[in-house]
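Here is a set of questions and answers about how the words used for a protein model are tied to their cut-offs. Please look at the structure first, and then follow each answer back to it.

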Amino acid sequence: VLVPGGLTGWISWIPHAERLSAGWKTIRVQPIHNELGSAGQPGDPSYTAETERESLRMTLDALGVEDAHFAGWSGGARALIEFALAHAERVRSLMLVEPAAYWILDQLGSPNPEVEHVNTFIHGLAGTAVTEDDLAEFLELAGFVASKADAPRHPNWERWVPHRMALSWQSEESDRSGRSIEELASIRCPVLLVKGSVTADWLKRVVDELGERVPAARVIELPGDHACHIQSMDAFLDECSKHLTAAGP
């Protein structure tokens, strides 16, 4: 089951799904915030981490999927951490690409100005009409571009622009689930953690902190930025194959 990040949604997993489906039943899910945000609807203040978690559970129930291997990117990876903590019996393994789990760093007791700036900016977009300038700043903060001035020249800019309203759903309530970092030790399934070589330092730190706290975790670094699993797709899928084989059917 493939869970996307906060901008383009499930289309980002299409090339991975096409190749994984040669050996696995592969399902791409579309979170509510991706679907409604990409349709231009501003974020709903009632949308929380619990809403996101339980909508995934209901989707699996509707499909008749009792348990599965899960892969998530960015916000999707953050949602899968929450899902694994609430529904451990349904998770065979996890593959998490740079989870946007800001709350992990917040709880370490060492304030990080960069993370605080990211949170203030993204949460300030909640429920608003997101502009192209907002999108460019987000892309810089998320490590997709070196600076917001470079964003319009990025080859994916025209793909990102129509989906920018999905950022309007990233409220503090959807980012924070009330979990503690101590609970991470209860995730007992095999976990593959992925970070990009040139991504933002705070995103790398989230991956490394998870690697230290999740018992059966393995951390890898791939060439690329926050989208390293796309930029280095062959290497990512090779690691996925190893991970899935080791985790079992």
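Q: What makes strand S2 (residues 68-73) and S3 a pair, and in which sense do they run?
A: Strands are DSSP runs of E with at least two residues, helices are runs of H or I with at least four, and both are numbered from the N terminus. Two strands pair if DSSP finds at least two bridges between them; S2 and S3 have 6 bridges and pair in the parallel sense, with His69 standing opposite Ser93 in S3.

Q: What kind of model is this, and how are its residues numbered?
A: This is a predicted model, in which local features need pLDDT of at least 70 and side-chain atom pairs count only at pLDDT 80 or more, while totals for chains, interfaces and linings use all residues. Residues are numbered from 1 along each chain as its sequence is written, and side-chain values use heavy atoms, with hydrogens and water left out.

Q: How do you know that S3 also pairs with S4, and S4 with strand S5 (residues 217-222)?
A: S3 and S4 are joined by 4 bridges and run parallel, with Val97 opposite Val194 in S4. Between S4 (residues 191-196) and S5 there are 6 bridges, again in a parallel arrangement, and here Leu192 faces Arg218 in S5.

Q: What makes the unit of S2, H4 and S3 right-handed?
A: A crossover is right-handed if, with the strands pointing away from the viewer, the path from the first strand over the helix to the second runs clockwise. S2, H4 and S3 form a right-handed β-α-β unit, and S4, helix H10 (residues 201-213) and S5 form a right-handed β-α-β unit as well.

Q: Why is strand S3 (residues 91-97) described as largely enclosed?
A: A residue is buried under 20% relative accessible area, exposed over 50%, and partly exposed in between (1.4 Å probe, protein chains only). In S3, 6 of the 7 residues are buried, so the strand is largely enclosed by the rest of the structure.

Q: Why is Thr51 called partly exposed?
A: Thr51 has a relative accessible area of 29% and is therefore partly exposed. Thr51 lies in helix H3 (residues 49-63), and, leaving aside neighbours within four places in sequence, Thr51 is in contact (heavy atoms within 4.5 Å) with Ile32 and Ser46.

Q: What makes a group of residues a nonpolar core, and which members touch the most others?
A: A nonpolar core is a set of buried Ala, Val, Leu, Ile, Met, Phe, Trp, Tyr and Cys residues joined through side-chain atoms within 4.5 Å. The largest one has 77 residues, of which Phe70, Leu94, Leu139 and Ile187 touch the most other members. Its largest share, 6 residues, comes from helix H4 (residues 75-86).
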